[in-house]
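Subject: Structure for you to look at

Dear colleague,

Here is the structure I said I would pass on. My notes on it follow below.

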Amino acid sequence: MAGELILIVEDNEKNLKLVRDLLQFRGYRTLEAATAGEGLRLAVEHRPDLILMDIQLPDLDGGAALGRLRADPGTAGICVVALTAQAMGGDRERLLGAGFDGYLTKPISIREFPDQVRHFCERARPGG
Ligand code: MN
């Protein structure tokens, strides 16, 4: 299971480092971007197995970035999970409706996060 490449798009440096450290500790390879633009560039270049996408980013909204990924045949099939701070009523439905494959709220659970990611990665496997 280890070794999948996960792209983390998150503009909060502390959150980014926490997520990266938790994933690397579990054996995942990571790519990191602090803006949607950089995330899109890395996604096209590296075709990660999974993208963890913050919603509030300095340049593009995470939902808009998702739209660009889905519009490009090279990145359209990547599993993209929203990472968002607020758990407002209706958020989950709105994000899943926008086409995200999953949804995790921040602050993330240090104990549960790696298993949540593994679950998303397994679902994202071709034919799985
Ligand atoms: Mn943010």
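Two strands are taken as paired if DSSP finds at least two bridges between them. By that rule strand 1 and strand 2 pair in the parallel sense, over five bridges. Please keep in mind throughout that this is a predicted model.

Strand 1

Strand 1, helix 1 and strand 2 together make a right-handed β-α-β unit.

How many of the residues of strand 1 are buried? Five of its five are, so the strand counts as mostly covered. The cover is on both faces: L5, L7 and V9 are buried on one side, and I6 and I8 on the other. In a regular strand the side chains alternate between the two faces of the sheet.

The metal site

Which residues coordinate the manganese ion? They are D11 (OD), D54 (OD) and Q56 (O), at 2.0 to 2.1 Å. Along the chain these donors follow the spacing D-x42-D-x1-Q. D11 lies in the loop between strand 1 (5-9) and helix 1 (13-25), while D54 is in strand 3, so the pair ties together parts that are 43 residues apart in sequence.

Helix 2

The buried residues of helix 2 (36-46) are A36, G39, L40, L42 and A43. Seen down the helix axis they fall within an arc of 165°, so they line one face of helix 2. They pack against strand 1, strand 2 (29-33), strand 3 and helix 3. Just after helix 2, R47 takes a positive phi of about 45°.

Helix 3

Helix 3 has G62, A65, L66 and L69 as its buried residues. Down the axis of helix 3 these fall within an arc of 105°, which means that they line one face of the helix. An α-helix has 3.6 residues a turn, so residues three or four places apart point the same way. The buried residues of helix 3 pack against helix 2, strand 3 and strand 4 (79-84). On the face turned away from the buried side, helix 3 carries the exposed residues R68 and A71. The N-terminal end of helix 3 is capped by D61, which has a side-chain oxygen 2.7 Å from the backbone nitrogen of G63.

L60

Where does L60 lie? L60 is in the loop between strand 3 (50-54) and helix 3 (62-71). Is L60 buried or exposed? Its relative accessible area is 18%, and because buried means under 20%, L60 counts as buried. Leaving aside residues up to four places away in sequence, L60 touches A36, L40, I55, A65 and R68. Of these, A36 and L40 are among the buried residues of helix 2, and A65 is among those of helix 3. The C-alpha atoms of L60 and A36 are 5.7 Å apart in space, although the two residues are 24 apart in sequence.

Regards

Methods: Residues numbered from 1 in each chain as written. Predicted model: local features only at pLDDT ≥ 70, side-chain atom pairs only at ≥ 80, totals over all residues. Heavy atoms only, no water. Helix = DSSP H or I, 4+ residues; strand = E, 2+ residues; numbered from the N terminus. Buried < 20%, exposed > 50% of the residue type's maximum accessible area, 1.4 Å probe, protein only. Contact = heavy atoms within 4.5 Å. Donors = N, O, S within 2.8 Å, 3.2 Å for Na, K, Ca; no water. Arc of directions from axis to C-beta. Polar contact = N/O pair within 3.5 Å; in protein donor to acceptor, adjacent residues only side chain to side chain. Right-handed = clockwise from strand over helix to strand, strands pointing away.
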